[in-house]
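Dear colleague,

I am handing over the structure we spoke about, and it is shown just below. Please look through it first; my notes on what was found follow after it.

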Amino acid sequence: MSLLKEIFAHEVFPSVGCTEPISCAYAAAAAAEQLGAPVKKIELIVDMGTYKNGSEVIIPKSGGNRGNAIAAAIGAIIAKPDMRMEILQNIPEGVLKKACELVNSGNFKYSCKRDEPSLYIEIKLEDDNSHAQCIIKDGHTNIVSLKKNDISITQSQADNGLAYRDKMRQKTLCEVLREIINIDSEDRAYIQKGIDMNMAISEKGIDVKKNAYYLHQMVKSGYKADDLFYRVSKRVSAAVDARMGGVPQPIMTSGGSGNQGVLTILLPYIIGRHQDVELSRIQESIAIGHAVNSYIKCFTGELSTICGCAISASIASAIALVYQRVGIDEKKFTFAVNNIIGDLCGMMCDGAKFGCSMKIVTGAETAMRSAFMALSDYGISENEGMLGRSIEESIRNLSTISLKGMGLVNLVTTDILQGKTAEPRLCHLCPMCRE
């Protein structure tokens, strides 16, 4: 399997809803399928990044409920892991009521594993006679353990395939990208599917009346120009508004993140079309963007302390823009990377929510400025701040800041979020839970 296809298989996939809660639902469904009987008890354990991203985001088809707990309960009742990250697109009648009852009962435990540095989701289910367990680690669909009554299920059912990341770490970014650009017709069709999918959900965001709506109002009021920067910002923020608002429509991810998929795909697509770049070249640039996002995560981790949609996806989309105009150009790529890191390094992730739409606009505008400056051979100097002499050194410095320098940020953020609401967050927004 080619490197690009491996990245697609593990990091670029359709998802309905925020990927961390949906990953909880997927894990629960995998365990429930093995249980083979109605679930009576659930225990959900997640890392701090998953905890953050499941705190405030609305779950599709949940009547307005938020969080990992209700997503896991729905997934356990549906018990169809073959639907993967689209498991909540269609929730059968009666499932939501059962899920709410389960979460609100004393038979649901939810906790945060504060010493786990990477993505980690563990679900334990019980019926009257049996128990099952599923663990997802390092990737949103990467099942590393699946058991029934403490007996491991055949390994062929597990999605263990992240070895390509080890290989990527040993290469320069340009070496990776030279391997990526030879895409076949199947790859192009999949990239186009992502374009169509993310453009479609961006049409729904204005109706949510969050960030994209008010950007639009600023243009109508004359406070903001109706230019290319605005049109890109409006599209990406609308898509994020829609998915954070629980619109039950799929989005194509990048690096396992829907918000990062929005920026990595839509920014180079919209600008490429505006500049009359051939569609085939745009598709190649988006493949480049997915590979860049994957490369960065090899060093920063799946769920980093820094904001991925504003930094990692900004770098990915900026390099995609540069590629559209000049191909693989290490000098200009370095300028683009350093411009973004010099501007946005330190923007923290405090969980998935409507506010992510504000951050993605910041990321989009920085990506565009950084790419256009890089094309003119301007970049922040390696002598400034934490920037390195190469793309790889700058990315490693970014990783060091995130993993070591900001090591307490996730702990403090988790404490703040836990202080705002009791755990687990009980269902209370949907009509049946208000009765």
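With which residues is I22 in contact, leaving aside its neighbours within four places in sequence? Before I answer, please keep in mind that this is a predicted model. With those neighbours left aside, the contacts of I22 are S15, V16, G17, M85, I87 and L88. The residue itself is found in helix α2, which covers residues 19-35, and I22 counts as buried because its relative accessible area is 0%, where buried means under 20%. A further relation concerns N68, which is 46 residues away from I22 along the chain, although the C-alpha atoms of the two are separated by 7.8 Å.

Next, the sheet. Six strands make up an open sheet with mixed pairing, and their order across it is β3-β2-β4-β5-β6-β7. At its edges are β3 (108-113) and β7 (151-152), each of which pairs on one side only. In the case of β2 (residues 41-47) and β3, the pairing is in the parallel sense and extends over six bridges; D47 stands opposite K113 of β3. Across β2, β3 and β4 (120-126) lies helix α4, made of residues 68-78, and this helix runs at about 130° to β2.

Another salt bridge is formed by the side chains of K332 and D377, at 3.0 Å from N to O. Because K332 lies in helix α14 (residues 330-344) whereas D377 is in the loop between α15 (356-375) and α16, this pair ties together parts that are 45 residues apart in sequence. K332 counts as buried, at 13% relative accessibility, while D377 counts as partly exposed, at 38%.

The side chains of D350 and K353 also meet in a salt bridge, for which the N to O distance is 2.7 Å. Here D350 is partly exposed, with a relative accessible area of 29%, and K353 is buried, with a relative accessible area of 18%. Finally on this topic, there is a network of salt bridges that links K5, D184, E186 and D187.

The last item concerns the surface, where L408, V412 and I416 form a nonpolar patch whose accessible area, taken together, is about 310 Å². Is L408, one of the three, buried or exposed? Its relative accessibility is 62%, so L408 counts as exposed, a word that here means over 50%. As for its place in the chain, L408 is in the loop between α16 (391-405) and α17 (409-420).

How values were computed:
Residues numbered from 1 in each chain as written. Predicted model: local features only at pLDDT ≥ 70, side-chain atom pairs only at ≥ 80, totals over all residues. Heavy atoms only, no water. Pairing = 2+ DSSP bridges. Helix = DSSP H or I, 4+ residues; strand = E, 2+ residues; numbered from the N terminus. Contact = heavy atoms within 4.5 Å. Axes fitted to C-alpha atoms, helices over the stretch in contact; angles between N-to-C directions. Patch = residues over 30% accessible without salt bridge, like charges linked within 9 Å, V, L, I, M, F, W, Y side chains within 5 Å. Areas by Shrake-Rupley, 256 points an atom, 1.4 Å probe, with all protein chains shown as cover. Salt bridge = Lys/Arg side-chain N within 4 Å of Asp/Glu carboxyl O. Buried < 20%, exposed > 50% of the residue type's maximum accessible area, 1.4 Å probe, protein only.
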